[in-house]
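Here are my notes on the model you sent over. Have the structure open while you read, and go point by point.

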Amino acid sequence: MLANALAAPLVTALGGLPGCTLTPSSGGGRHVAVVGAGAFGGWTALHLQRAGCRVTLLDAWGPGNARASSGGDTRVLRHGYGADRLYTALAARSRALFLETEQHTGARLFDPVGLLWLVQDDDSYERACVETLAAVGLAHEVLQPDEIAARYPQLGLDGVTWALTETDAGILYARRSCERVLEMFVAEGGTWIRSAVAPGSIRAGALEHLSLSNGTTLTAEAYVFACGPWLGQLFPGLLGDRPLVRATRQEVFTFGVPPGDLAHVPPALPVWADHGSRFWYGIPGNERRGFKVADDTRGEDFDPTHGNRIPSAAGLARAREFLARRFPGLKHAPLIEARVCQYEDSPDGDFLADRHPDTHNAWLVGGGSGHGFKHGPGFGELVAACVLEEREVEPRFALARFGRG
Ligand SMILES: Cc1cc2nc3c(=O)[nH]c(=O)nc-3n(C[C@H](O)[C@H](O)[C@H](O)COP(=O)(O)OP(=O)(O)OC[C@H]3O[C@@H](n4cnc5c(N)ncnc54)[C@H](O)[C@@H]3O)c2cc1C
């Protein structure tokens, strides 16, 4: 109720996603198996369960595990997506669902510390963000260089032409939120199985069963594969060759701020995004783990199961060079932690939520493309509505856009 009250007018104003009409009887007791308990699969399973399905959720290593794209401590929630109203609406809907879940569970999942976009010469994306945010009444501010310097004296402003702040943006607690979603799912009657899964054979337009790593099979009326960067490995012919879901290696570095420092943590410094020739972003505070810095540039292809997760010296040197320029007070900050994770990119950056073209009962969900976490709640709701045939597949999430529908 609260979530609808919070987000519905905004979503309508954005002309984005049509409302999802799921009710507790929509599912009619249908048995659905969801493979993958990350941001996409976990929320999809929860929405299906709440719609009255009998849901089994399976994951090889568990929700937000260290190999998963949803692993790690924190993610950015922003509404600014240039002129792209669909993702702005999806982020607004998801934010409302995160807040509702916080109330429901008492867990802290979102910190509304705000977001600072640092804009450089090519500012077309951020100018479009301003137009979209203004059109729908999402709080934001445009700052000129003297205002940025006055408000954020800890920044080096080399190359920065102006800045945009988003008030309703902030930090999501990633692994914790995946865990809470699973806990809610189980508390509300869902079945959870930790197991690796392979799809069974497809006959007469239907996926017949799942094969589990414990040697058993599981049969359901519908199947959702939300396997993140592994999706291409599960369906190599359809998604893996000329990949529609390509896993890329990404590095994240966390630096230590000086003892007692208040300049490089919220509220003095919000989440920031630096949009120059590379796209750097960071999460100050980061659950007291340090000053998180990452480069959004796509890395090389990566195997999410066996890939080498030792960060590279070259990546660290780039991060240090950036840090010295943009946050001079952290020039000599020690490295506290580093992670190698992976994006699961679609060719156009849009998500995937469509039926397997050879079946009527298997759904392929993924392609988070480095920006999927914040959308988990709203996207899961949309996927659930598609599985229950309460809405059409969103064309931007369809396989047909790649000629494979
Ligand atoms: C470094 C980094 C930074 C990011 N920053 C942001 C950000 O700031 N904001 C944002 O919104 N997004 C961000 N993203 C993107 C976002 O985290 C992902 O798009 C999102 O988490 C993808 O979720 P998923 O559920 O599709 O995949 P996953 O989280 O990978 O979940 C897939 C699950 O499927 C399971 N699985 C796979 N194969 C099998 C199998 N055969 N059998 C059983 N289980 C299986 C896995 O164990 C896994 O738990 C970032 C991603 C990374 C890597």
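1. A word on contacts before we start: two residues are in contact if their C-beta atoms, placed from the backbone, lie within 7 Å. By that rule, and leaving aside neighbours within four places in sequence, Phe225 is in contact with Val35, Gly36, Leu231, Leu234, Ala362, Trp363, Leu364 and Val365.

2. Some housekeeping. Residues are numbered from 1 along each chain as its sequence is written. The model is predicted, so local features need pLDDT of at least 70 and side-chain atom pairs count only at pLDDT 80 or more, while totals for chains, interfaces and linings use all residues.

3. Phe225 turns up again in the largest nonpolar core, where Val224 and Phe225 touch the most other members out of 106 residues. (Such a core is a set of buried Ala, Val, Leu, Ile, Met, Phe, Trp, Tyr and Cys residues joined through C-beta atoms within 7 Å; buried means 20 or more other C-beta atoms within 10 Å of a residue's own, exposed means 12 or fewer, and partly exposed is in between, with C-beta atoms placed from the backbone.) Helix H3 (residues 85-105) supplies the largest share of this core, 8 residues. Helices (H or I, at least four residues) and strands (E, at least two) are DSSP runs, numbered from the N terminus. Both domain 1 (2-74 + 175-243 + 348-402) and domain 2 (115-167 + 246-344) put at least three residues into the core.

4. How do those two domains sit relative to each other? Their bounds come from an automatic or database domain assignment. The centres of domain 1 and domain 2, taken over C-alpha atoms, are separated by 30 Å. At the interface, 19 residues of domain 1 are in contact with 16 residues of domain 2. Helix H1 (residues 2-14) gives the largest share of domain 1's side, 3 residues. By class, that side of domain 1 has 7 nonpolar, 10 polar and 2 charged residues. Here Ala, Val, Leu, Ile, Met, Phe, Trp, Tyr, Cys and Pro count as nonpolar, Asp, Glu, Lys and Arg as charged, and the others, Gly among them, as polar.

5. Now the ligand. Its shell holds 38 residues, the closest being Gly36, Gly38, Gly228, Gly368 and Gly372. (A residue is near a molecule or strand if its C-beta atom, placed from the backbone, lies within 6 Å of it.) The elements that give two or more residues to the shell are helix H2 (39-50), strand S2 (54-59), strand S3 (74-77), strand S16 (246-255) and strand S20 (335-345). Sorted by class, the shell has 21 nonpolar, 14 polar and 3 charged residues. Why say that the ligand lies between the domains? Because domain 1 and domain 2 both give residues to the shell around it.

6. Is H2 mostly covered or mostly open? It is mostly covered, with 12 of its 12 residues buried, including Trp43, His47 and Arg50. Those buried residues pack against strand S1 (31-35), S2, helix H6 (174-187), strand S15 (222-225), strand S22 (362-366) and helix H10 (376-387). After H2 comes Gly52, whose phi is positive, near 95 degrees.

7. A cis peptide bond, with omega about 5 degrees, joins Pro266 and Pro267, and Pro267 lies in the loop between S16 and strand S17 (271-275). Glu287 is not a glycine, yet has a positive phi of about 60 degrees; Glu287 is in the loop between strand S18 (279-283) and strand S19 (291-295). Glu287 is partly exposed, with 18 other C-beta atoms within 10 Å. Arg288 also has a positive phi, near 65 degrees. With 7 other C-beta atoms within 10 Å, Arg288 is exposed.

8. Last, Gly159, in the loop between helix H5 (145-151) and strand S7 (162-166). Gly159 counts as partly exposed because it has 14 C-beta neighbours inside 10 Å. Not counting residues up to four places away in sequence, Gly159 touches Gln120 and Gly276.
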